[in-house]
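Trainee: I have not looked at this one before. Please take me through it in order.

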Amino acid sequence: MFTIKDEGPVRWLTIDNQARRNAIPFDQWSVLADRIEEFDTSEQRVLVLVGAGEDFCSGADLGGEAMTEQATGATRYARMLDVGRATRALHALAK
């Protein structure tokens, strides 16, 4: 769902879920956080976050299993921790 392409000092991180306007499923937010945190220790100096196709990102993917399953409060809380981790990782980048 995420591809990385390094071009000299620039790292391109592409969100690719075009069928859902690049929405990010709940199980992928921690992966996004990992990719952002990995950039911070890479040799690249610039991170460009883009969406594949014509859309950037429509946010969290609220369709499919994410909304039909009977998630407990603890599950919902854990999901939001992953979303928060990804956004904090982007905000906290030292580069």
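Trainee: How many helices and strands are in the chain?

Mentor: This is a predicted model, in which local features need pLDDT of at least 70, side-chain atom pairs count only at pLDDT 80 or more, and totals for chains, interfaces and linings use all residues. Residues are numbered from 1 along each chain as its sequence is written, and side-chain values use heavy atoms, with hydrogens and water left out. Helices (H or I, at least four residues) and strands (E, at least two) are DSSP runs, numbered from the N terminus. The chain has three helices and three strands.

Trainee: Which pattern does the chain follow along the sequence?

Mentor: The C-alpha trace spans about 45 × 30 × 15 Å along its principal axes. Along the sequence, the elements come in the pattern β-β-α-β-α-α.

Trainee: In which sense do β2 and β3 pair?

Mentor: Two strands pair if DSSP finds at least two bridges between them. Strand β2 covers residues 10-15 and strand β3 residues 46-51, and they pair over six bridges. Within this pairing, Trp12 stands opposite Val48 in β3. The sense of the pairing is parallel.

Trainee: What is the handedness of the β-α-β crossover from β2 to β3?

Mentor: A crossover is right-handed if, with the strands pointing away from the viewer, the path from the first strand over the helix to the second runs clockwise. Here strand β2 pairs with strand β3. The chain crosses from β2 through helix α1 (residues 29-40) to β3, and the crossover is right-handed.

Trainee: How far apart are the end C-alpha atoms of helix α3?

Mentor: The expected span of a helix is 1.5 Å times one less than its number of residues. Helix α3 (residues 73-91) has 19 residues, so it should span 27 Å. The distance between its end C-alpha atoms agrees: 27 Å.

Trainee: Which residues of α3 are buried?

Mentor: Buried means under 20% relative accessible area, exposed over 50%, and partly exposed in between (1.4 Å probe, protein chains only). Across the chain of 95 residues, 32% are buried. In α3 the buried residues are Arg79, Val83, Gly84, Ala86 and Ala89.

Trainee: Is Thr14 buried or exposed?

Mentor: Thr14 is found in strand β2. Contact means heavy atoms within 4.5 Å, and, not counting residues up to four places away in sequence, Thr14 touches Met1, Phe2, Thr3, Val50, Gly51 and Ala52. Its relative accessibility is 17%, so Thr14 counts as buried.

Trainee: With which residues is Asn17 in contact, leaving aside its neighbours within four places in sequence?

Mentor: Asn17 is in the loop between β2 and α1. With a relative accessible area of 17%, Asn17 is buried. Its contacts are Met1, Asn22, Ala23, Pro25 and Asp61.

Trainee: Which residue forms a salt bridge with Arg20?

Mentor: A salt bridge is a side-chain nitrogen of Lys or Arg within 4 Å of a carboxyl oxygen of Asp or Glu, and the structure holds seven of them. For Arg20, the closest N and O atoms are 2.7 Å apart, and the partner is Asp61. The pair links distant parts of the chain: Arg20 is in the loop between β2 and α1, and 41 residues away, in the loop between β3 and α2 (65-68), is Asp61.

Trainee: Which residues are linked with Asp34 in a network of salt bridges?

Mentor: Asp34 forms a salt bridge with Arg85, with the closest N and O atoms 2.4 Å apart. That pair joins distant parts of the chain, Asp34 in helix α1 and Arg85 in helix α3, 51 residues apart. Asp34 is partly exposed at a relative accessible area of 30%, and Arg85 is partly exposed at 25% relative accessibility. The network links Asp34 with Glu37 and Arg85.

Trainee: With which residues is Ala71 in contact, leaving aside its neighbours within four places in sequence?

Mentor: Ala71 is in the loop between α2 and α3. At 13% relative accessibility, Ala71 counts as buried. Its contacts are Arg76 and Arg79.
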